[in-house]
Amino acid sequence: MVEVSGGCHCKAVRFTARLPAGPVPALDCNCSICAMTGFLHIIVPHSDFTLKSGADALASYRFGSGTAEHLFCSRCGVKSYYQPRSHPEAWSVNAHCLDAPIDLAVEQFDGRDWEQARAALD
Ligand SMILES: [Zn+2]
């Protein structure tokens, strides 16, 4: 495992996460919100993620089933991590919000056909 750090643009929101060594699996989702925000998902178990600062800066947005909790910084607007619907036991961290680039193994996720795409992950 390697520890990485990241956060939002204005640095109000800061976190660390423990990731597997080597190329880290990342999901490139084409759903309505990920396409707009350019979010690149790294799934991190809740126990491997620590929010260092910014809990009070986070604003929340829900749509559709309301299961996912989209979190974004209320100062700079950047969504650095959030609670995805696909992995209730994990956060999804935005690979674009890490302090240093890491080696990624990017896979496409067809979020426009969510049920089928989620089933294919198992
Ligand atoms: Zn911010």
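**Exercise 1. Decide whether Cys76 is buried, partly exposed or exposed.**

Step 1. Cys76 has 28% relative accessibility, so it counts as partly exposed. Step 2. The cut-offs: buried is under 20% relative accessible area, exposed is over 50%, and partly exposed lies in between (1.4 Å probe, protein chains only). Step 3. Now take Cys8: at 6%, it counts as buried.

This is a predicted model, where local features need pLDDT of at least 70, side-chain atom pairs count only at pLDDT 80 or more, and totals for chains, interfaces and linings use all residues. Residues are numbered from 1 along each chain as its sequence is written, and side-chain values use heavy atoms, without hydrogens and water.

**Exercise 2. Find the protein donors of the zinc ion and name their arrangement.**

Step 1. Donors are N, O and S atoms within 2.8 Å of the metal (3.2 Å for Na, K and Ca); water is not among the atoms, so sites may look incomplete. Step 2. The SG atoms of Cys8, Cys10, Cys73 and Cys76 lie 2.3 to 2.4 Å from the zinc ion. Step 3. The four donor atoms subtend angles of 105 to 117°, so the arrangement is tetrahedral. Step 4. Along the chain, the spacing reads C-x1-C-x62-C-x2-C.

**Exercise 3. Describe how strand 1 and strand 2 pair.**

Step 1. Strands are DSSP runs (E, at least two residues), numbered from the N terminus. Two of them pair if DSSP finds at least two bridges between them. Step 2. Strand 1 (residues 2-7) and strand 2 (residues 14-19) are antiparallel, with six bridges. Step 3. Ser5 has Thr16 as its bridge partner in strand 2.

Note on methods. Helices (H or I, at least four residues) and strands (E, at least two) are DSSP runs, numbered from the N terminus. Four donors count as tetrahedral if all angles lie between 85 and 135 degrees; four count as square planar and six as octahedral if opposite donors are over 155 degrees apart and all others between 65 and 115; anything else is irregular.
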